[in-house]
Amino acid sequence: MPLRPTSRIVFRSSRNGSGIYVTPVLGGEPSPVAPGGFRPRFSPDGGWIAYWVGSEGGGAAAAARREAYVISAFGGE
């Protein structure tokens, strides 16, 4: 059973080449769940994380090079 999304924080960090990380709200070591990516968000049940990869910045050309992904909140393919 997934942990409640309010007990964890998902964020993007530029550490180790950048990636999406999850850490407990009450402290602890962040765990990497995906390389690269921007603007991660938990699903309502806390079991999944949605994020996108591609070019940052505005404009139609940058948006056309973005791809959305969904990954388990506990890592994986």
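Here is a short chat about a predicted model.

Colleague: Let's start with Ser43. Where does Ser43 lie, and why is Ser43 called buried?

Modeller: Ser43 lies in the loop between strand 4 and strand 5. Its relative accessible area is 17%, and buried means under 20%. Ser43 is therefore called buried.

Colleague: What makes the pair of Ser43 and Gly47 a polar contact?

Modeller: A polar atom of the Ser43 side chain lies 3.5 Å from the backbone nitrogen of Gly47. A polar contact needs a pair of N or O atoms within 3.5 Å, one able to donate a hydrogen and the other to accept it. The distance of 3.5 Å therefore meets that cut-off.

Colleague: Now Leu26, please. Why does Leu26 count as exposed?

Modeller: Exposed means over 50%, and Leu26 has 87% relative accessibility, so Leu26 counts as exposed. You will find Leu26 in the loop between strand 2 (19-24) and strand 3 (31-35). Together with Ile9 and Val25, Leu26 makes a nonpolar surface patch of about 330 Å².

Colleague: And the strands? How do you know that strand 5 and strand 6 pair?

Modeller: Two strands pair if there are at least two bridges between them. Six bridges join strand 5 (residues 48-53) to strand 6, so the two strands pair. They run antiparallel, and Ala50 has Val70 in strand 6 as its bridge partner.

Colleague: What makes strand 4 and strand 6 edge strands?

Modeller: The open sheet has three strands in the order 4-5-6, with antiparallel pairing. Strand 4 (38-42) and strand 6 (67-72) each pair on one side only, and they are the edge strands. From one strand to the next, the twist averages 20°.

Note on methods. Residues are numbered from 1 along each chain as its sequence is written. This is a predicted model: local features need pLDDT of at least 70, side-chain atom pairs count only at pLDDT 80 or more; totals for chains, interfaces and linings use all residues. Side-chain values use heavy atoms; hydrogens and water are left out. Helices (H or I, at least four residues) and strands (E, at least two) are DSSP runs, numbered from the N terminus. Axes are lines fitted to C-alpha atoms, for helices over the stretch in contact, and angles run from 0 to 180 degrees between N-to-C directions. Buried means under 20% relative accessible area, exposed over 50%, partly exposed in between (1.4 Å probe, protein chains only). Patches are made of residues with over 30% relative accessible area and no salt bridge: like charges are joined within 9 Å, nonpolar side chains (Val, Leu, Ile, Met, Phe, Trp, Tyr) within 5 Å. Accessible areas come from the Shrake-Rupley method with a 1.4 Å probe; for residues, only the protein chains shown count as cover. A salt bridge is a side-chain nitrogen of Lys or Arg within 4 Å of a carboxyl oxygen of Asp or Glu.
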